[in-house]
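The entries follow in the order of the look-ups.

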Amino acid sequence: MAEQHTPMLSLRGLTRRFGGLTAVDAIDLDLTKGELISIIGPNGAGKTTLFNLVTGLDRPDAGKVSFEGQDITGLSPERLAAGGIARTFQLGRVFGNLSVMDNVLIGAHTRLRAVKPAVPVIGPLLELGLALLRPASVRAEEERLREEVKAILARFGERLLPRIDQPAYSLSYANRRRVEIARALALKPRLLLLDEPTAGMNPTETAEMQGLVAELKAEGLTILLIEHKLEMVMRLSDRVIVMDEGKKIAEGPGEVVRGDPKVIEAYLGHGLSETPERESVV
Amino acid sequence: MSSWLDYTINGLIVGNVYALVAVGLALIFGVSRLINFAQGSIYLVGAYIGWVAVVQLHTPLPLTIIVVAVAAAIVGLIIERFGLRPLQNSVRIAPLLATIGISFVLDQLVMLTFSPNPRALPSQLPDVRFQVGGGTIGPLDLLIAGVGLTSALLLFVFLRYSKLGWAVRATAQDRDAAMQMGVDVNHVNQAVFGIAAALGGVSGLLVGMYYNQIDTAMSLQATLKGVVAEVVGGAGNVPGAVIGSLLLGLVESYGVAVFGTSYRNLFAFLLLVIVLVLRPNGLFASARQAPPEPLTGTFIAPSRPVRIPRWALLVTAGVFAILPFFPVSFYVLQTLINAWLLGMLALSLTLVAGTVGQVSLGHAALLAIGAYTSALLSLTLSVPVGLAIIAGGLMSAALGTLLISPSFRLRGHYVSIATLAIGEIVSLVILNWESVTRGPIGISGIPPLSLFGYDLVSPTSIYWFSFVVLVVLALLQGRLLGSHLGRSFRAIRDDDIAARAYGLGLNRYKSLAFIFGGFAAGVSGGIAAHLYSYINHETFNTQQSILALTVVILGGLGNVVGAIVGAVALVGLPEVFRIAAEYRILIYGIVLLLLVRFRPQGLLGTI
């Protein structure tokens, strides 16, 4: 019964300071299951730092992060990944020397069961032994995941499938972003955090990406999105949160937020255009 | 009471000497984020130039110091210009490997010129002691303190009030911004390497005079001590390096006072490991700093491995398997046995350094653990040799992983420093733990190789035995790389932050790599112990670690076939060309430098 009311992700007073700078300043946020919230704001507003706090790559100085009602503040990223939180990175962090297939298979790492028996203490040694011996169950699991990766890659049309065995460093920038998203999907996430998925993409590619995110939302995935392309934000978001200098300055449906004088001031007052390409360079 | 004052004075004086090395390291780290493993070699060069000046040219002291400073600075400039500047835009592993290679080349050049025997470097000051409080102090102590203070003052004035000094500080703060403001970064690098080398050279001279003896082993010790002091003070932090040096000097001096001389280095390295684990940014860094910048370049060179068809591998393996049936000399078999043993070590290191990206410089310690375990088990408990070797492998896997685990949270250069220190700790423990390891006497009379009760003493049987072990280890490692662990290891190497975000715990997977690699190295060490029949704490030394690293780079990082090809090439080619033993290490160093510069992915490519 609590499920209806417990938000999937809940942030309370989340704060992170770097020296004298408060990068994230007392942020509150509730994200319900199946919802898509976009976070927008000028460069340096603290959006990516907020992602790092939610995904365990950085620890907050104050405040609390809850996931499905459980306090997850300060848990390690590997624990959170196992709990079903997946993210992409603003600057693109694919594994350059791994093939597209292997990159996406890493996304499914937390779902390995046959080769990673949940046995305390000697679990890692069993994992080593099973990886070397490869009994039928392990082979079957690997085969199943490989098929699944191909199905995920098929969602990107012919962008990635023909390059499945190529190392990621040889891909175009846009394709690396796609590999990142494919890797996140392979985790079968319950919460997906996308950090500027269309950065550096041309209008056609952006439209494709927008279509994919819309599909994911329609499938019921809960998504937190950082994005600069306002058209995409307006079309996809259930709600929009605007951050500036670490603070939440506006929250609400896209059309409302868009006309908020504080929001306009935050963008224009900092002398930044809304052109996303400029943002992505930094 | 009085002796405590003596130990304090001694600690501060020695600390002053370390400071001269550490400040140079801090300056270089500041502007180029590089730990210069060749700093100790410059110190060595300084000591020997000082010896030439004092003993052969009879220069007066002030002139000796100037000659040493200028000559060392020139060496520093040469290193910067020809060793490091060409690598500015290459992957991050390249300059690290280059300074290791340069260090070996310089050390060997000094050794070939002056012979490895220690030489006396007389102090040019009168040998008197003054009473100070309850302790004594000599003119040389005062000279060292004076040189330390003067250079600190000169450096302060240079950094604070000269235009080039501003450029150095600006580059250290933000290299890109400095370049955009028109700072000539090459000029800054030159200045920094020149200053660092001059300080390092003078330090070598003073230490030589202080102990009245110089030898070529000084180099590695100086690098290690300087790095310890620098890391304790916070990498790149110049005043921190000075304080770290004095602290290190005091810790060592008091440690010697309580436990004895052979414990001096143990304290230094323990201090390093403790600081690296608890406060990797140094004692004076604020507890929590901004998370590290996303790494833009990859650590290793991206490349496509050379594909070797399976039949070619089978045919080659077959040829080597039946080789003893042909009329080949024992000499050829003996050479190949050495190559197979080195190949096992290289398999281990290529997994750890290549596949997981942890460039270990203490890998010989794993050999030592395996060798001692196997030797002691077969000698004292009469365990059959075959079982003892496997036990040696298991002990290396377990103990090696445990010892290295403090370095799992470190990255890049720090892993190399930590593993170097851990390797030294293992060697020092073997030296000092006499009740078990028989200390400096070593272990003699180790039983020969035997299997199921049959002694393997003929070169042919030893050849087959080591070849089969190598092939089995290589096949296992190939299988490992093809599993989910292979891609997990490589993912951690390519981007550990993204890897963690996808559930790959660094401790778990680095441990698994070290367990597997430790086993291979331990087996290699175990076999070696039974072949040599005598081992001591110096049998498995840093030279072997560096040799293995060269093999790994030559074959291609992470490349299993490459590791074996590299081992055969580095062991075999010097034999083919009849190169005298004393030149070999020099050639290995040059090979490493050339590879880093011209073919960083190795012969067969990174996997």
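Entry 1. Which residue of β5(A) does S66(A) stand opposite? I looked it up in the model, which is a predicted one, and found D71(A). I then checked the strands around this pair: β4 of chain A covers residues 62–67, and β4(A) and β5(A) pair in the antiparallel sense over two bridges.

Entry 2. I traced the sheet that holds these strands. I read an open sheet of four strands in chain A, ordered β2-β1-β4-β5, with antiparallel pairing. β2 (21–31) and β5 (70–71) of chain A each have a single partner strand, so one side of each is left without a neighbour in the sheet.

Entry 3. I moved to the other sheet. I noted six strands of chain A in an open sheet, in the order β6-β7-β8-β3-β9-β10, and the pairing is mixed. The edge strands are β6 (85–87) and β10 (247–252) of chain A, each pairing on one side only. On average, neighbouring strands here are turned by 15° against each other, direction ignored.

Entry 4. I took one pair from that sheet. Strand β9 of chain A spans residues 239–244, and with β10(A) it forms an antiparallel pairing over five bridges. I looked up V240(A) and found G252(A) as its bridge partner in β10(A).

Entry 5. I looked up helix α1 of chain A, residues 47–54. The helix lies across β1 (9–18), β2 and β4 of chain A and runs at about 65° to β2(A). I also found α1(A) lying across β3 (36–40), β6, β7 (191–195), β8 (222–226) and β9 of chain A, at about 150° to β7(A).

How values were computed. Residues numbered from 1 in each chain as written. Chains lettered and ligands numbered in written order. Predicted model: local features only at pLDDT ≥ 70, side-chain atom pairs only at ≥ 80, totals over all residues. Pairing = 2+ DSSP bridges. Contact = placed C-beta atoms within 7 Å. Axes fitted to C-alpha atoms, helices over the stretch in contact; angles between N-to-C directions.
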